[in-house]
Amino acid sequence: MTEGGGGATRDPAGRIVVTLDLAGVTDKAGLMERCARSLGLPEWFGRNWDALADSLADPSVWPGGAGERGLLLVVENWREYAEARPEEWQIAEEVFAEATDRGPGLFVTLGPGGPAAS
């Protein structure tokens, strides 16, 4: 994961904050592509659940300073994906939780879900 723009955003605890915006994502392939692009994952990112968990739990691919300060990943606009593919979304939530549990420093939280599907 790489820092975007001119610097990293930090939360009150000093962790680097990265937003994963899932607006328009309705399947696993879309989620994996959004993660790879939005989080700046390395070329070796395999676009599967295990690779995502490994990347999230590996401070060496986090933005600069996050290994020391910690990383807060805020997942936004997730509702459309959760409603379109509830089984996949459940796996995604498990991956986020397991990555958080694998080591200190990572915290994943669900931000605003976005509008509910009609």
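Reader: Is strand S3 (residues 71-76) enclosed or open in this model?
Author: This is a predicted model, in which local features need pLDDT of at least 70, side-chain atom pairs count only at pLDDT 80 or more, and totals for chains, interfaces and linings use all residues. Residues are numbered from 1 along each chain as its sequence is written, and side-chain values use heavy atoms, with hydrogens and water left out. Buried means under 20% relative accessible area, exposed over 50%, and partly exposed in between (1.4 Å probe, protein chains only). In S3, 5 of the 6 residues are buried, so the rest of the structure leaves this strand largely enclosed.

Reader: Which residue of S3 is the bridge partner of Asp 21?
Author: Asp 21 has its bridge partner in S3, and that is Glu 76.

Reader: Which backbone nitrogen does the side chain of Asp 11 reach?
Author: Asp 11 sits in the loop between S1 (9-10) and S2, and with a relative accessible area of 12% Asp 11 is buried. Contact means heavy atoms within 4.5 Å; not counting residues up to four places away in sequence, Asp 11 touches Val 17 and Leu 72. At 3.0 Å, its side chain reaches the backbone nitrogen of Ala 13.

Reader: With which side chain does the side chain of Arg 47 make a polar contact?
Author: Arg 47 lies in the loop between helices H1 (28-38) and H2 (49-56), partly exposed at 38% relative accessible area. Beyond four places in sequence, its contacts are Lys 28, Met 32, Glu 33 and Ala 36. A polar contact is a pair of N or O atoms within 3.5 Å; within protein, one must be able to donate a hydrogen and the other to accept it, and residues adjacent in sequence count only if both atoms are side-chain atoms. At 3.1 Å, the partner side chain is that of Glu 33.

Reader: How wide an arc do the buried residues of helix H5 cover?
Author: The buried set in H5 is Glu 88, Trp 89, Ala 92, Val 95, Phe 96, Ala 99 and Thr 100. The arc is that of the directions from the helix axis to the C-beta atoms. These residues are on the same side of H5, because their arc around the axis is only 130°.

Reader: Where does pLDDT stay under 50?
Author: pLDDT is the predictor's confidence in each residue, from 0 to 100, and the protein averages 87, with 91% of the residues at 70 or above. Where pLDDT is low, the predicted coordinates should not be read in detail. The stretch under 50 has 15 contacts beyond four places in sequence, and covers residues 1-6.

Methods:
Helix = DSSP H or I, 4+ residues; strand = E, 2+ residues; numbered from the N terminus. Pairing = 2+ DSSP bridges.
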